[in-house]
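Here are a few friendly notes to read alongside the picture. Take them one at a time and find each spot as you go.

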Amino acid sequence: MDCLFCKIISGEIPSDKIYEDDLIYAFNDIDPQAPQHFLVIPKQHITSLYEVGKEHKDLLGHIMLKISEIAKEKNLKDGYRVIANTREDGGQTVEHLHFHVLGGRSMKWPPG
């Protein structure tokens, strides 16, 4: 498979890892859009949120809990934004489900 995030998970492409367990991998974004900007991705290759099914509910719950834990570790007590760009019109550029977490500054709405 020629997936950028699968290559990051396998170590084939280096990353600034901040967390890893048997289900997920988290790393700092190489082009941060906020003082804190990291991604959380499942190790299982799922193309996007659109492809998620009932069989993924435990995995998604795990991801959300871990986002909260990492945000607390990074002292994002004033808030943060979690984004899952989905498919082309949603702005997804890597076809592997991933969640951007941005914090450390006030977020504006609408985002774009």
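1. Let's begin with a pairing of strands. Strand β4 (residues 80–83) is joined to β5 by 4 bridges, and the two run antiparallel. To locate this pairing, look for Arg81, whose bridge partner in β5 is Leu102. Please keep in mind that this is a predicted model.

2. β5 has another neighbour to look at. Strand β3 (residues 36–42) is joined to β5 by 5 bridges, and these strands also run antiparallel. Here Phe38 has Val101 as its bridge partner in β5.

3. How many of the residues of β5 are buried? In this strand (residues 99–103), 5 of 5 residues are buried. Both of its faces are covered: Phe99, Val101 and Gly103 lie on one side, with His100 and Leu102 on the other.

4. Now turn to the surface. Met64, Tyr80 and Val82 form a nonpolar patch there, and together they have about 240 Å² of accessible area. Met64 belongs to helix α2 (residues 57–73). Its relative accessibility is 38%, so Met64 counts as partly exposed, since that class lies between the 20% limit for buried and the 50% limit for exposed.

5. Is Lys77 buried or exposed? Lys77 sits in the loop between α2 and β4. Its relative accessible area is 66%, so Lys77 is exposed; the cut-off for that word is over 50%.

Technical notes. Residues are numbered from 1 along each chain as its sequence is written. This is a predicted model: local features need pLDDT of at least 70, side-chain atom pairs count only at pLDDT 80 or more; totals for chains, interfaces and linings use all residues. Side-chain values use heavy atoms; hydrogens and water are left out. Buried means under 20% relative accessible area, exposed over 50%, partly exposed in between (1.4 Å probe, protein chains only). Two strands pair if DSSP finds at least two bridges between them. Patches are made of residues with over 30% relative accessible area and no salt bridge: like charges are joined within 9 Å, nonpolar side chains (Val, Leu, Ile, Met, Phe, Trp, Tyr) within 5 Å. Accessible areas come from the Shrake-Rupley method with a 1.4 Å probe; for residues, only the protein chains shown count as cover. A salt bridge is a side-chain nitrogen of Lys or Arg within 4 Å of a carboxyl oxygen of Asp or Glu.
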